[in-house]
Amino acid sequence: MPITSVTSGMGIEVLPDIFCLSVQIVNVCFIGDPKASNEFILVDAGMPGSADLIMKEARKRFGEDATLTSIILTHGHFDHVGALHDLLKEWNVPVYAHPLEAPYLTGKSNYPPPNPEIEGLIAKMSPMFPRHSIDISSHLNLLNDDGKIPTLSEWRYIHTPGHTPGHISLFREQDRALIAGDAFTNVEQESLYEVMTQKQEIHGPPAYFTTDWTAASESVKKLEALNPLIAVSGHGLPLADDELTTDLKRLAENFNETEIPENVK
């Protein structure tokens, strides 16, 4: 079922130590139990101009002395790193990402152009979206290939390429909690109406920026095989329990037929 209990501003407490904050059209996550500590870890960095909102919600949840200890990026698209520079001015912390995202996070490469021929108004608008790299070399720490996340011992990262080469998702075995990034979404990102209304419906990654559909399909299958019980994606409300299991299984089984755009098949 979708998790809809709003506990703070635009935020949803998914679990006592997982807080999902909607920043315009994209989600960021705070990992940390405010009853145990004022420290937290941030997964992704939202839209440009959203730093004040993220900091405000962090202090509301963890107290005025809220302390960010690290940032983990699922990938480097503009809506997931938009507030990164401003957040790093406030909190001088390490940023962790997959090595294959490094060119886009060190100013060396821009992301490929989007595909505006995909059906949907947002897809048609996608050439206007930023795709330039950023340079956070002084803060960037590249993850090893062992799946470990240095600041999150109970979690491991899963390499889920397709949407970008170095896209990752985060998984915690003990409660089968999944932070999927854009490996799959819970709102159709190509449709302006569905984005504006946040109609909840599981889909693959945002199609206009996805470059490798074979890898994207395999990544969804990889996540479905984990049998997650709760999932936060980069877009849309979190999902849990039977609805997550059923919808993710259907997405994995039908991905090639329902998600891959006709003009790239």
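This is a predicted model: local features need pLDDT of at least 70, side-chain atom pairs count only at pLDDT 80 or more; totals for chains, interfaces and linings use all residues.

Visitor: Which residues of α7 are buried, then?

Guide: The buried residues of α7 are Trp213, Ala215, Ala216, Ser217, Ser219, Val220 and Leu223.

Visitor: And what does α7 reach from its first C-alpha to its last?

Guide: Helix α7 has 13 residues and reaches 18 Å between those two atoms, which is close to the 18 Å expected at 1.5 Å a residue.

Visitor: At what angle do α7 and α8 pack?

Guide: Helix α7, residues 213-225, packs against helix α8, residues 241-258, at an angle of about 155°, and their axes are 9 Å apart. Because angles over 145 degrees count as roughly antiparallel, α7 is described as roughly antiparallel to α8. The crossing in which α7 passes α8 is left-handed.

Visitor: Which residues make that contact?

Guide: From α7 there are Trp213, Ala216, Ser217, Val220, Lys221, Leu223 and Glu224, and from α8 there are Leu248, Lys249, Leu251, Ala252, Phe255 and Asn256. Sorted by class, the contact of α7 with α8 has eight nonpolar, two polar and three charged residues.

Visitor: Switching to the strands, where is Ile168, and is it buried or exposed?

Guide: Ile168 is found in strand β10, and with a relative accessibility of 0% Ile168 counts as buried, because the cut-off for that class is under 20%.

Visitor: What does Ile168 touch?

Guide: Leaving aside residues up to four places away in sequence, Ile168 touches Ile72, Leu73, Thr74, His98, Leu143, Tyr157, Ile158, His159, Thr160 and Ala180. As for Ile179, which is 11 residues from Ile168 along the chain, the C-alpha atoms of the two are separated by 9.1 Å.

Visitor: New topic, backbone angles: what is phi of Gln24, and where does Gln24 lie?

Guide: Phi of Gln24 is near 60°, a positive value in a residue other than glycine, and Gln24 lies in the loop between β3 (18-23) and β4 (26-31). Most residues other than glycine have a negative phi. Gln24 is exposed, with a relative accessible area of 54%.

Visitor: What about phi of Asn227?

Guide: Phi of Asn227 is near 55°, again a positive value in a residue other than glycine. Asn227 sits in the loop between α7 and β12 (230-233), and at 35% relative accessibility Asn227 counts as partly exposed.

How values were computed. Residues are numbered from 1 along each chain as its sequence is written. Side-chain values use heavy atoms; hydrogens and water are left out. Axes are lines fitted to C-alpha atoms, for helices over the stretch in contact, and angles run from 0 to 180 degrees between N-to-C directions. Helices (H or I, at least four residues) and strands (E, at least two) are DSSP runs, numbered from the N terminus. Angles under 35 degrees count as roughly parallel, over 145 as roughly antiparallel, 65 to 115 as roughly perpendicular and the rest as oblique. A crossing is left-handed if the near helix is turned anticlockwise from the far one by less than a right angle, and right-handed if clockwise. Contact means heavy atoms within 4.5 Å. Ala, Val, Leu, Ile, Met, Phe, Trp, Tyr, Cys and Pro count as nonpolar, Asp, Glu, Lys and Arg as charged, and the others, Gly among them, as polar. The expected span of a helix is 1.5 Å times one less than its number of residues. Buried means under 20% relative accessible area, exposed over 50%, partly exposed in between (1.4 Å probe, protein chains only).
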